[in-house]
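Hello,

Here is the structure I promised to pass on to you. Please open it alongside this message, and I will walk you through what turned up.

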Amino acid sequence: MFNLVLFGPPGSGKGTQSENIISQFGLLHISTGDILRAEVAAETPLGVEAKKNMDNGELVPDEVVIGMISSKLDAHPEAKGFIFDGFPRTVAQAEALDKLLEFKNNPINLVISLEVKEEELIKRLVQRGIDSGRSDDTEEVITNRIKQYHEKTAPVADFYKEHGKLVSVEGIGSIGDIFEAISAKIEHSLA
Ligand code: B4P
């Protein structure tokens, strides 16, 4: 089993690169952003509550997101590995994930951090907002999402660095070139 965390600020390309990684390495994709957007679209009680956080650029509470991950892991005992996209986003989530995986005897093998400077993140997300109409891609909300990232999510990188699992990949350039750099890190870790 191979478990990978794709880490980075909002708009760094986690979702974009996950698609390539899944098809190349056959890992099962778990994107908390996608799961939450599906709950919002279905207007479930969880989705109605989560939408308030998401539309303000805030994180959804840890216990909600951890519960979602736990159910996803349980639902796929056949998986040969998982790619965690957009999770963990707080140190509490990272600790909870370690506990869930410890229970299954399959720890996180590798954490890839996509490095993208702030002005590029804002440019990409504003453009995505124009193209897709995503309600959390307005300039005001993006500013808060980046603030939340620095306050709550950036410490997750230190958590994995201390555990010797973090590697960085330059996240600016063509999607194909970035994918090649990511693949090299995964191949190295698998070898
Ligand atoms: P997410 O859905 O995780 O989204 P994201 O951080 O905005 O995007 P990502 O990094 O995946 O970027 P993408 O590939 O799409 O989170 C949304 C919200 O959900 C959060 O704000 C939070 O409220 C909530 N949430 C999710 N997980 C949570 C958790 N664990 N705990 C609490 N709350 C949680 O790329 C962005 C854009 O850039 C795209 O338009 C793409 O086409 C473009 N792009 C990608 N790569 C590029 C490249 N190399 N060059 C140019 N453009 C590129």
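**The sheet**

Let's begin with an open sheet of five strands, which pair in parallel and follow the order E2-E3-E1-E4-E5. The two edge strands are E2 and E5, the latter covering residues 166-170, and each of them pairs on one side only. If you ignore direction, neighbouring strands in this sheet are turned by 20° against each other on average. Please keep in mind as you read that this is a predicted model.

With E1 it pairs in the parallel sense over four bridges, and phenylalanine 7 stands opposite serine 113 of E4. With E5, the parallel pairing of E4 runs over five bridges. There you will find isoleucine 112 opposite valine 167, a residue of E5.

How much of E4 is covered? Most of it: five of its six residues are buried. Helix H8 lies across E1, E4 and E5, and its direction makes an angle of about 160° with E4.

**The largest pocket**

Next, have a look at the largest pocket, which holds about 930 Å³ of space. Strands E1 (4-7) and E2 (28-31) each give two or more residues to its lining, and so do helices H1 (14-25), H2 (32-41), H6 (118-132), H7 (139-162) and H8 (175-190).

As for the make-up of the whole lining, 19 of its residues are polar, 16 are nonpolar and 12 are charged.

While you are looking at H1, you could pick out threonine 16, which lies in that helix. Threonine 16 counts as partly exposed because its relative accessibility is 37%, a value between the cut-offs of 20% for buried and 50% for exposed. Threonine 16 is 108 residues away from arginine 124 in sequence, yet their C-alpha atoms are 12 Å apart in space.

**Backbone points to check**

Most residues other than glycine have a negative phi, and most peptide bonds are trans.

- Proline 88 has its place in the loop between strand E3 (82-85) and helix H5 (91-103).
- Glutamate 43 has a positive phi, near 55°, and is not a glycine. You can find glutamate 43 in the loop that joins H2 to helix H3 (45-55). Is this residue buried or exposed? Glutamate 43 counts as exposed because its relative accessibility is 63%, and exposed means over 50%.
- Asparagine 105, again not a glycine, has a positive phi of about 60°. The loop between H5 and E4 is where asparagine 105 is found. With a relative accessible area of 67%, asparagine 105 is exposed.

Glutamine 93 has its place in H5. It is buried, because its relative accessible area is 2% and the cut-off for buried is under 20%. What does glutamine 93 touch, leaving out residues up to four places away in sequence? Its contacts are Val60, Asp62, Val65, Ile66, Phe87 and Pro88.

Best wishes

How values were computed. Residues are numbered from 1 along each chain as its sequence is written. This is a predicted model: local features need pLDDT of at least 70, side-chain atom pairs count only at pLDDT 80 or more; totals for chains, interfaces and linings use all residues. Side-chain values use heavy atoms; hydrogens and water are left out. On a 1 Å grid over the protein atoms alone, a cavity is a set of points where a 1.4 Å probe fits but cannot get out, and a pocket is an open set with protein on both sides within 12 Å along at least five of seven lines; lining residues have an atom within 4 Å of a point. Grid points are joined across faces, edges and corners, and a volume is the space filled by probe spheres set on the points. Ala, Val, Leu, Ile, Met, Phe, Trp, Tyr, Cys and Pro count as nonpolar, Asp, Glu, Lys and Arg as charged, and the others, Gly among them, as polar. Two strands pair if DSSP finds at least two bridges between them. Axes are lines fitted to C-alpha atoms, for helices over the stretch in contact, and angles run from 0 to 180 degrees between N-to-C directions. Contact means heavy atoms within 4.5 Å. Buried means under 20% relative accessible area, exposed over 50%, partly exposed in between (1.4 Å probe, protein chains only).
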